[in-house]
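Let's take a walk through this protein, starting from the inside and working out to the overall shape. Keep the 3D view open as you read.

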Amino acid sequence: MPEPAPVTGVEVVEMGPDFIVLTWDPVPGATRYQILVDQNESGEWDDHYSSEPFFRLEGLEPGARVRIVVRVREIAGERVSWPASDPVLLPEPGPVTGVKAVERGSDFIVWAWDPWPGATLYQILLYMDGGYEREVHYRSEPSFRLEGLEPGGAARIIVRVREIAGERVSWPGSVAVQTETLPPPPRRCTNERRLALRYSDFVSEWDGTPFRVDVVGDFPDYVTETDLESLLVPVGLLEDKIEAQLGYRIVEMGDVIPVPDGTPPGWNGDEKTYNRTCPLSRDRGQIHFIYLDKTIDTPRGQAGAVAFPRCGSFAIVKTESGIGHDWPGRDWGGPTMHELFHVFGFAHIEDYDGRRGVPMSRALDDSAATLGAESAIWVDIDYLRCIFPEGG
Ligand SMILES: [Zn+2]
């Protein structure tokens, strides 16, 4: 009698919408194999049998997530209970799901995610402070604890499966999840409003009435009304986030509006002319979200977005690969927050000199890939309280 061993080399050699064909390495003397199948992680294993080292499994639910293991059940007609093979997972390996913060304090965050069947190692891509710089961590358990953070700060992670049963794999990452630590006491306001005014004339328009962001609907023809409305969604999220933190509103989501009457033709064809002439007439406290129909080259490549603080507006910009590089078809929340906060008097971290503007958080500065209103974190909104005090 050979030594009990798991079946090796289990492979899917054919696959259809509701069937698969499996093969595995033949085990000398084996006269019966057991094939165990779990659909959609039900925890209930259906068993099937084959006398040959292959099996056609039929009647699968199309698109179902399937786990299969194979083991030897008879050797020369004698019943045995040998260990199972490594699981085969179908469909093709996907991203980790269910990533969320399960605990947080003023200096730590704990994230957890749905365990992946058979995963023995997870890779965590960590973006400290919600910025672009990345650290790589590994964990064998489906959770990650990060310490040593600042109160009111942020960190973002992406998780992926790195090993299945000790075998290295390269699977896609989860969605990025950004989490903020518990905040410190609010800052004592001193000269923040004055600094913001030196950066953006628009700041002087605050009278306690929430600013209103409208999208000026003069975009290329292929951009739909739904695409345009999607640009306002992050503004609505910011509206709620500010109100939840400060107890009053500073900004609100407006509408998609036509180009105001009397606007000169070609008004959005050049950023320098736009910034000099502020060609759109607008109400006090109104912010225009525009499309700039011209590419802007910068030392870091073509700009996807730009702000015009003195005109009370900001833009998504034409690039060689479309609008804002790849919009529509992606969440434009990160760039929207960044440009809107320029209008609110915020400067890049590297441009901040203590004389003009207040500094962005790292998350707000490096916001290109951040969703919704996530890149505007607690410290940014705390600055807004000093720049735009309740009641005007
Ligand atoms: Zn900027």
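Predicted model: local features only at pLDDT ≥ 70, side-chain atom pairs only at ≥ 80, totals over all residues.

Zoom in on Ala315: setting aside neighbours within four places in sequence, it is in contact with Ile290, Tyr291, Leu292, Ala305 and Val306. As background, nonpolar side chains in soluble globular proteins tend to be buried together.

## Helix H1

Now look at helix H1, residues 192-199, where Glu192, Leu195, Ala196 and Tyr199 are buried. These four cover an arc of only 100° around the axis, which puts them on the same side of H1. In general, an α-helix has 3.6 residues a turn, so residues three or four places apart point the same way.

What do the buried residues of H1 pack against? Their partners are strand E25 (346-347), strand E26 (358-359) and helix H7 (378-387).

## The whole protein

Stepping back, the protein has 7 helices and 26 strands. Its radius of gyration is 28 Å, well over the 21 Å that the globule rule gives for 392 residues, so the protein is more spread out than a compact globule. The C-alpha trace spans about 90 × 50 × 35 Å along its principal axes.

Of the 392 residues, 36% count as buried. Among contacts with a separation of 6 or more, 65% come from residues 24 or more positions apart.

How values were computed
Residues numbered from 1 in each chain as written. Contact = placed C-beta atoms within 7 Å. Helix = DSSP H or I, 4+ residues; strand = E, 2+ residues; numbered from the N terminus. Rg over C-alpha atoms; globule rule 2.2 N^0.38 Å. Buried ≥ 20, exposed ≤ 12 C-beta atoms within 10 Å, placed from the backbone. Arc of directions from axis to C-beta.
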